[in-house]
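Please look over the model below before reading my points.

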Amino acid sequence: MRKDQTVVEMRGITKRFPGIVANDSISFQVKKGEIHALLGENGAGKSTLMNILFGLYEPDEGEILINEQKVDIKDPKKAIELGIGMIHQHFMLVEPYSVVQNIILGTEPTKGVTIDYAQAVRKVEELSAKYGLQVEPHQLIKDISVGMQQRVEILKTLYRGADILIFDEPTAVLTPQEIKELMEIMRSLVNEGKTIILITHKLKEIMAVCSGVTIIRRGKVIDSVTVKDTTPDELAAKMVGRKVSFSVEKQDANPSDSFLKLSNVQALDNRGILALKNLSFELKKGEILGIAGVEGNGQRELIEVITGLRRVESGEILIKDKPIHNLKPRQISESKVGYIPEDRHKTGLVLDFTVSENMVLKNYFYPEYNKNLFLNYDKINHHAVDLISEYDVRTPSETTPARALSGGNQQKVIIAREVDSDPDLLIATQPTRGLDVGAIEFIHKKLIEQRDKGKAVLLYSLELDEIMNLSDRIAVMYEGRIVGIVDPKKTSEQEIGLMMSGSKSGGEESA
Ligand SMILES: Nc1ncnc2c1ncn2[C@@H]1O[C@H](COP(=O)(O)OP(=O)(O)OP(=O)(O)O)[C@@H](O)[C@H]1O
Ligand SMILES: [Mg+2]
């Protein structure tokens, strides 16, 4: 195969869904050994296009060439035969099975009638050494980290002989360290002659590992450019159609009364080990308190005890001097607590409900949404139409099921609902995960707006940039404790990094 061979070419691909043209005559090419990015706003049509390449959807028009040969990819089986593999954003692994079992599932080598497990393990080990994909072959999926689960997905495609790998927002679920590792893995894959198509919203990643990028807006290709000839600003402007500001503009905070108070809170993790150790802090109205830390240092458990999803073993949590620990989530939410959860599929949305219904999921029983004994759908739909326009949710209509929305637009539905319910305390966990740069700018403004209205905002994000830009104070967690609360204006990413690794404590309330 020639070095400059076009490995993937899509020509004039059109795909229509009820009420929307998701892909509108899209054409683009990827050369051998390239990492090619697909960039575009939430709902632009990126996942749809890649689902077509992987045989999950059939295009209404257009053709696909693999290695310069016209092909008909009618299902994923055919895609795999052609050497295409896809790493989906929501992993498709079987949790109670081991790593190796998942990798070989459906392709088991046979020795007589029994599976030659030893041979499979050897092959997995070879692949894993060759590409730097570290896994523990005999661990169960449910017991390994998200980063390792993703490596299992990659190994699974390689095991099936993939030469073309599609990654749909692979870094959205990873920690900063795991992102670095994935970038290395991608480099080693192309060094070995593989070709990669990468969907990502993170311009930094595109600049770091991609050679080419195709920009899609509202189903159409806007441009294909070489990464070395462009800049993040230019890419952002091309994809959104206007200039995007990456810095967050805000005035100093005017914190007033204490709103949320934790005193000596202790809680266990899922394995029964102490995950929160004597944790105390206060959050005032009119401020954003950011929670920083390396994933797995108790942040998730902290959010769960405040939202009523996890038991507090000792200590107390007060909202305006009223204890709320160990109340039910609904009772806590009724104390005017809004919650943007981390996993939008598990806890944020009911995927089979419409966008409108999802937007009143927590307050459909309010008198304004009820008429006699029935739900007042006129009101509910009107409310949704307003929020769809305010939050720029890209959906064919307010009665479309949430399932049919793109990932980023599902996220916008949750944020719209939670912010619109006008909570006194807004808990935002990874609020901009999966959002395009334009939407991130908007959501950041919304969080600042809440603060300026005198609301208390608790922000948990693994993106240190986001924490630094938005927070008025930053609480750094390490091994279940708050090792310090710092002022972002008087600290550096480096200092916070040291605190996150436990090598330094600091700030007003160091423990
Ligand atoms: N199965 C489906 N049924 C109906 N509409 C769909 C379906 N899948 C996607 N769409 C619509 O097609 C459009 C493109 O969606 P797609 O998921 O491809 O966007 P995306 O570029 O991947 O966005 P994001 O960055 O948010 O993931 C959206 O308007 C979406 O609502
Ligand atoms: Mg998508």
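The numbered points below go from the ligand's site to its contacts.

1. This is a predicted model, where local features need pLDDT of at least 70, side-chain atom pairs count only at pLDDT 80 or more, and totals for chains, interfaces and linings use all residues. Residues are numbered from 1 along each chain as its sequence is written, chains are lettered from A and ligands numbered from 1 in the order written, and side-chain values use heavy atoms, without hydrogens and water.

2. Ligand 1 lies between domain 1 (6-240) and domain 3 (349-421), because both give residues to its shell. The domain bounds come from an automatic or database assignment.

3. The shell has 19 residues, each with a heavy atom within 4 Å of the ligand. G43, T48, A404, S406 and G408 are the closest.

4. Strand 2 (20-31), helix 1 (46-53) and helix 14 (407-420) each supply at least two shell residues. Helix 1 gives the most, with three. Helices (H or I, at least four residues) and strands (E, at least two) are DSSP runs, numbered from the N terminus.

5. Which atoms make polar contacts (pairs of N or O atoms within 3.5 Å)? A backbone N or O atom of G45 lies 2.9 Å from a ligand 1 oxygen. A side-chain N or O atom of S47 is also 2.9 Å from an oxygen of ligand 1. For Y57, a side-chain N or O atom is 3.3 Å from a ligand 1 nitrogen.

6. The protein covers 88% of the 640 Å² of accessible area that ligand 1 has on its own. These areas use the Shrake-Rupley method with a 1.4 Å probe.

Key: Polar contact = N/O pair within 3.5 Å; in protein donor to acceptor, adjacent residues only side chain to side chain.
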